Amino acid sequence: MNIKITSLLLASFILLSGAVHAQTKKQATRHATVSTSIARGKIVYTNVCLACHMADGGGVPNMNPPLANTTYVLGNKAALINIVLHGFKEDVEINGKTFSNTMSPHDNLSDRQIADVLTYVRHSFGNKASAVKAGEVSTVRTASKK
């Protein structure tokens, strides 16, 4: 191989390696950020949510709904954020069972705390759903004030 081709191949390899390294670093940072949010969210859950939804997220029969595998938790993030911000006063049927206890609003929590606790819930109790960001909570909070 001549020197020009070898140099071109080497330069391409170095550029490609750098791009792969940058992408891997970005994924590791995102994973660390989600892990940190989950850890903070567990603290909020323990202090605010556990008494009603229980340590295992199973809720209380006929009163407080479970948080595992429900459309409320795994579905629309804005709807879930609204429930935390404004509470919930309706009877709800989940997996053929009705739950009727009123959930108080938790609008006293910061956007970060709500995002963290919802990220924790959406990653716990067998749930596998995307993280909630503080900006998403802020958007819902602002829209609900109008």
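## The chain as a whole

The model you are looking at is predicted. Its chain contains 5 helices and 2 strands, and, starting from the N terminus, the order of elements is α-α-α-β-β-α-α.

Of the chain's 146 residues, 31% count as buried. Taking contacts between residues at least 6 apart in sequence, 56% join residues at least 24 apart.

## Where α4 meets α5

Helix α4 covers residues 111-122 and helix α5 covers residues 134-144; their axes come within 8 Å and cross at roughly 115 degrees. The crossing of α4 past α5 is right-handed.

On the α4 side, the contact is made by Asp111, Arg112, Ile114 and Ala115, while α5 brings Ala134, Val137, Ser138 and Arg141. Sorted by class, this contact has 4 nonpolar, 1 polar and 3 charged residues.

## A closer look at threonine 33

Threonine 33 sits in helix α1, which spans residues 3-53. Is threonine 33 buried, exposed or partly exposed? Its relative accessible area is 48%, so threonine 33 is partly exposed, because that class lies between the buried cut-off of under 20% and the exposed cut-off of over 50%.

Along the chain, threonine 33 and alanine 131 are 98 residues apart, and in the model their C-alpha atoms are separated by 9.9 Å.

Terms used:
Residues numbered from 1 in each chain as written. Predicted model: local features only at pLDDT ≥ 70, side-chain atom pairs only at ≥ 80, totals over all residues. Heavy atoms only, no water. Axes fitted to C-alpha atoms, helices over the stretch in contact; angles between N-to-C directions. Helix = DSSP H or I, 4+ residues; strand = E, 2+ residues; numbered from the N terminus. Left-handed = near helix turned anticlockwise from the far one by under 90°. Contact = heavy atoms within 4.5 Å. Nonpolar A, V, L, I, M, F, W, Y, C, P; charged D, E, K, R; others polar. Buried < 20%, exposed > 50% of the residue type's maximum accessible area, 1.4 Å probe, protein only.
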